[in-house]
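I wanted to look up how the inside of this protein is packed. These are my notes.

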Amino acid sequence: MKKSLFLIFLFPMMAWSQVRVDSIQVYSDLMEKNLKVAVTLPPSYESTTGRYPVLYLLHGGSGAFNDWHQKVTEPGLVNRMAAAYNLIIVTPGVGPASYYYDSPMMDSVQYESYFTQELIPQIDRLYRTLAQKESRAITGLSMGGHGALMISAKHPELFIAAGSMSGVMNIDTRMWKVPEDFRNLRQKGQKEMLGEGLNYEAPDFNPYTVVGLIDELKRNQTALIIDCGVDDFLIDTNRQLHELLLENETPHDYIERPGAHTWQYWTEALPVHLLFISKYLKRD
């Protein structure tokens, strides 16, 4: 495994800038390829022997493992969150438009199993984590919001809390406010990954969409936070999930506020998610 370390000192007088960010590669036996991951460690990690809770923070479609470090409109945001909440933040990279699926059609798209069987165990081996559900959370933006809620719904033994920012809560592109060519591109990708026979109609949604997992979300009792900007092209899918969760009486925090599908929105959303998630994470 290739591993490189680098230190970021944005404002030397402030403790939160003195974080260690490891850039590593995690090999997937399932997909026979290396995948890049950034691991942000709080300042206290170097000077103590304690173990830490972990937040998995997912990127969006066509994104990369370092998006949360490079594209936020507030430089050093992830570093500051790791320091402020004294936790480890892991930002893994996955394939473009892969939605964190295990594809029944493509051996190269097995990201759910990679995440649960390979990535999390490797992070727990490499770092002083609190390797338990009660100390692990997951959230993400757009495609990553879909991945966070889907993986947490299907693997309740792994996460105490889960969130979505501007997430794809329904993969039915008819609900997306997008140009026709983009809609057709995503529909084509879904058929290639998931097959031709997907059901998009309520109430029997397919199991590859978050709105099709509301029974699991209720049963698991995972703490949930979902937010989306009112000008986001995915707002209708978020409102649909919110209504379904209200109907089946699943507790969740739901937020709508001004904003669109932008890094400015996600930069403002991440501290809100950390404030929510931190209430549930168990520490030493």
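Entry 1, ground rules. I worked on a predicted model, where local features need pLDDT of at least 70, side-chain atom pairs count only at pLDDT 80 or more, and totals for chains, interfaces and linings use all residues. Residues are numbered from 1 along each chain as its sequence is written, and side-chain values use heavy atoms, without hydrogens and water.

I looked for nonpolar cores, meaning sets of buried Ala, Val, Leu, Ile, Met, Phe, Trp, Tyr and Cys residues joined through side-chain atoms within 4.5 Å; buried is under 20% relative accessible area (1.4 Å probe, protein chains only). The largest has 61 residues, and Val39, Phe115 and Leu241 are among those with the most contacts inside it. A second, separate core has 27 residues, including Trp68 and Tyr85.

I took helices as DSSP runs of H or I with at least four residues, numbered from the N terminus. Axes are lines fitted to C-alpha atoms over the stretch in contact, with angles from 0 to 180 degrees between N-to-C directions. The axes of α3 (residues 111-126) and α4 (residues 143-154) come within 11 Å and cross at roughly 60°. I therefore noted α3 as oblique to α4, since angles under 35 degrees count as roughly parallel, over 145 as roughly antiparallel, 65 to 115 as roughly perpendicular and the rest as oblique.

Helix α2 (residues 77-85) packs against helix α8 (residues 263-278) at about 20°, with the axes 11 Å apart. This pair is therefore roughly parallel.

Definitions and conventions:
Buried < 20%, exposed > 50% of the residue type's maximum accessible area, 1.4 Å probe, protein only. Helix = DSSP H or I, 4+ residues; strand = E, 2+ residues; numbered from the N terminus.
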